[in-house]
Amino acid sequence: MSYFVRNVQLPQDYDSIANLLNTILTEVTNSEELAAEDAKIPTTGSLYLNADGQLSGFDRHRIVAVNAQGKAAGYGISWRAPWTAAGELNQTLAVDPAYRGHGIGSMLYEQLEAWAVQNGASRLNIEVRDDDEHSIRFAERWGYQVERHTFESVLDLNLFDTSRLSWMDREVHIVPLSELDAAVWEEKLYELYKETSYDIPGFSGDFFNFDDWKKWTLQLPGSKPEHMLLACDGDQLMGMAHLLYYESTNSMYHEYTGVKKEYRCKGIGKTLKLRTIELAIQQGISYMRTHNDSLNRPMLKINRDELGFKAVPGNYKMIKDL
């Protein structure tokens, strides 16, 4: 069966794109979430080369591979946000497993890379699951190599040893954002995210401006103010933990934990994590997930050795220099 590649046509392609992305995502997405994400992004991008000749600005190129009947068997996107490291573009490719081996991935990828070259990108990034040998070999054939390994961990709350909750320091004042003056504390949260993000191994590029941070943090699908827990010392923000709720699987994703430098080594991060587990158990959540960079040994130790998260397949970040 022959296939051809065309630009996405929205909104009619949303369902097909969601179905294809769900073959590579851990938690499912849907057309409504994709449309909501698009609503946050300007419809017209602007790419340019900065004073150092490196690609800057933002834009994206989205394509699908369809057969003569219009059925989509593959989806690809090449994109950069204003905060993406200069020179770089990010790639995502998804092919229906039933149609792998027919050259669909290569058809899509050729166009994505051509768009990248046309716009002057110097490095391409792609993420693949570390247990997906087919996708790893595909990326290697196109010249990618592994740069980083991100581990994924899952905590089955039905099996969690609740005696571990006694390790929480109940003297640490933890309150959800829903009970605070959002206009005041969102600014403090932004500054904490901005400070602590640069401590994450592999973080690169500029940090979000405040409005973009709100869009891509507080307004993520599954984000609720009651699931944003803040550790406070009077009017000072010491640290925070952010959970995302997935109704389809009755699960939570531990999106972020951060503690300001002057409050570290006091058990605040561990207490925040235990409080998120306690909250999830109280709400009848089935399991929690999180990710840790392979170089973030302290956080990995807390999650795996102390809290009981179990290893599941994670992701490789693979890069290609053009």
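Me: How many helices and strands does the secondary structure of the chain come to?
Reply: Happy to start there! This is a predicted model, so every count here is read from predicted coordinates. The secondary structure of the chain comes to 8 helices and 13 strands.

Me: Why is the chain said to be as compact as a globular protein of that length?
Reply: Good thing to ask. For 322 residues the globule rule gives 20 Å. The radius of gyration of the chain is close to that value, so the chain is as compact as a globular protein of that length. The radius of gyration itself is 21 Å.

Me: What share of the residues of the chain count as buried?
Reply: A residue is called buried when its relative accessible area is under 20%. Applying this to the 322 residues of the chain gives a buried share of 48%.

Me: Is Ala98 buried or exposed?
Reply: Let's find Ala98 before we judge it. Ala98 sits in the loop between β5 (88-95) and α3 (104-118). Exposed means over 50% relative accessible area. Ala98 has 58%, so it is exposed.

Me: Which strand does β7 (residues 145-156) join through 7 bridges?
Reply: Look for a strand that runs antiparallel to β7. The partner strand is β12.

Me: In which sense do β11 (residues 251-259) and β12 run, parallel or antiparallel?
Reply: Here 3 bridges join the two strands. Ser251 stands opposite Tyr287 in β12. The sense of β11 and β12 is parallel.

Me: How many residues of β11 are buried?
Reply: Use the cut-off of under 20% relative accessible area once more. By that test β11 is mostly covered, and the buried count among its 9 residues is 8.

Me: Which residue in the turn between β10 and β11 has a positive phi?
Reply: Strand β10 (residues 236-246) pairs with β11 in the antiparallel sense over 8 bridges, and one of the facing pairs is Ala241 with Thr257. The two strands form a hairpin with 4 residues between them. The turn residue with a positive phi, about 50°, is Asn250.

Terms used
Residues numbered from 1 in each chain as written. Predicted model: local features only at pLDDT ≥ 70, side-chain atom pairs only at ≥ 80, totals over all residues. Heavy atoms only, no water. Rg over C-alpha atoms; globule rule 2.2 N^0.38 Å. Buried < 20%, exposed > 50% of the residue type's maximum accessible area, 1.4 Å probe, protein only. Pairing = 2+ DSSP bridges.
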